[in-house]
Amino acid sequence: MLNDFVGDDEIVYRRISIHRKLYKVKADGTIEISSAAFSDRELRVSVDRAKLCDNNPRHTLGNEPGIVVGLLTYDIRNVKDLTRNDPAGKPIQSFKIDVEPAPLPENPAHAEIYAILQFAEGDKKGAFHRLCRRLVRLVEDKQSIVLRDD
Amino acid sequence: MPQITSTRPGDLKQPEKRIPSGTSRSSNTVRTALSSILRLLFAGGVPGEPLHQVTFPAIEDFYGDSPGAFALERDTQDDIHTEILPALMEIRDLAKWPAGWNGYNALAPGYSAIQYAEHWIELFYTEILDLGMIWLEPNVTASAEGEVVFEWRHSINRLTIYIGKQSAEYVKDWGADINTEMEDGLANSTGIRQALWNWLMS
């Protein structure tokens, strides 16, 4: 079944609104992304699977102005060394990052970036923020903007 | 809980000083400037936007309205630190953001977080001036949790501050490696904040 597993070679889309200072276009045309662009209350980052929306990032952006960034699932799964640390900075729990389908009635392409073991409340301030920074670096390093409508 | 993934020599090992309870001349000046601008902006209110009626009186409560403060306000009009005013105005603008502002499931920025963010950025600004260093305008946005988020970039260094109700946390990164090029922790003391700025500008 197509929906059962997100393959390493799949691209996932994340929309970033123009209105909330979540990204900035520099003078040289490159784009800087805010860490807040990946923040999520449930610590599971919503994305859309490109192959389930006809590789059309407009599906993800909708009619709102902004950009859509693309991430390779392999790169997400390759995020290493994310840990929960004690106050002295000693790692006490390692996390593996994965992407899984999370289809919604109105959006069968929906998927989520999440941690194994699951992030706890205390990870909102540490590990999850570092994951957001890592995702920003992934996008910025490759400038993987798949749609600009701003 | 603060979580520090790694440290680099000389980074955040300075003795910590607690947040000062008093106010400096420069911090009063910033308050004065903000208060004056808010009076101009919100004088008479804006029809259909009752939020202003809630937020504007609150800033006077937060900053105090003693006769001495107003005397200082009159005396220091020529000494307005305009550098920080854009950031302060952007922080206040967050109060208008609705739930779902990011197109996903974000909470509206919290009022307590906004209040504390104003206080925190003002402290940070004066602490940077005390170091004799220059100020860089932050990107001001919010997190899905309703926190206020400040971000600075200088060279390869990135500094992100998350402001909650009464606490500030930082993430600093100078590369993509989570284990060796990122660090996080609390940013609730002068020593930490000044060390962060020294690092950012290094």
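# I11(A), its neighbours and the two chains

Colleague: Let's start with I11(A): which residues does it touch, not counting those up to four places away in sequence?

Modeller: I11(A) touches A50(A), G70(A), L71(A) and L72(A), with residues up to four places away in sequence left out. Touching here is a contact, with C-beta atoms, placed from the backbone, within 7 Å. This is a predicted model, where local features need pLDDT of at least 70 and side-chain atom pairs count only at pLDDT 80 or more, while totals for chains, interfaces and linings use all residues. Residues are numbered from 1 along each chain as its sequence is written, and chains are lettered from A and ligands numbered from 1 in the order in which they are written.

Colleague: Why is I11(A) called partly exposed?

Modeller: I11(A) has 18 C-beta neighbours inside 10 Å. Buried needs 20 or more other C-beta atoms within 10 Å, exposed means 12 or fewer, and partly exposed is in between. With its 18, I11(A) therefore counts as partly exposed. I11(A) is found in strand β1 (residues 11-17) of chain A; helices (H or I, at least four residues) and strands (E, at least two) are DSSP runs, numbered from the N terminus. H59(A) is 48 residues along the chain from I11(A), and their C-alpha atoms are separated by 14 Å.

Colleague: Which peptide bond in chain A is cis?

Modeller: The one joining I116(A) and L117(A), with omega about -5 degrees. L117(A) sits in the loop between β8 (110-116) and α3 (127-142) of chain A.

Colleague: How do you know that the size of chain A agrees with a compact globule?

Modeller: The radius of gyration is taken over C-alpha atoms, and the globule rule is 2.2 Å times the number of residues to the power 0.38. For 150 residues that rule gives a value near 15 Å; chain A has 15 Å, so it agrees. Along the principal axes, its C-alpha atoms fill a box of roughly 45 × 45 × 25 Å. Chain A has three helices and nine strands, and buried residues make up 45% of its 150 residues.

Colleague: Why are the buried residues of α4(B) said to be on the same side?

Modeller: Helix α4 (residues 85-93) of chain B has A87(B), L88(B), I91(B) and R92(B) buried. They cover an arc of only 135 degrees around the axis, so they lie on the same side of α4(B). The arc is that of the directions from the helix axis to the C-beta atoms.

Colleague: Which residues have the most contacts inside the largest nonpolar core?

Modeller: A nonpolar core is a set of buried Ala, Val, Leu, Ile, Met, Phe, Trp, Tyr and Cys residues joined through C-beta atoms within 7 Å. The largest one has 69 residues, and I91(B), A117(B), I121(B), V148(B), I161(B) and I163(B) have the most contacts inside it. Helix α5 (residues 111-131) of chain B gives the most to this core, with nine residues.

Colleague: How many residues does each chain put into the contact between them?

Modeller: Chain B gives 31 residues and chain A gives 32. On the chain B side, β1(B) gives the most, with four residues. The predictor gives the complex an ipTM of 0.91 and a pTM of 0.78.
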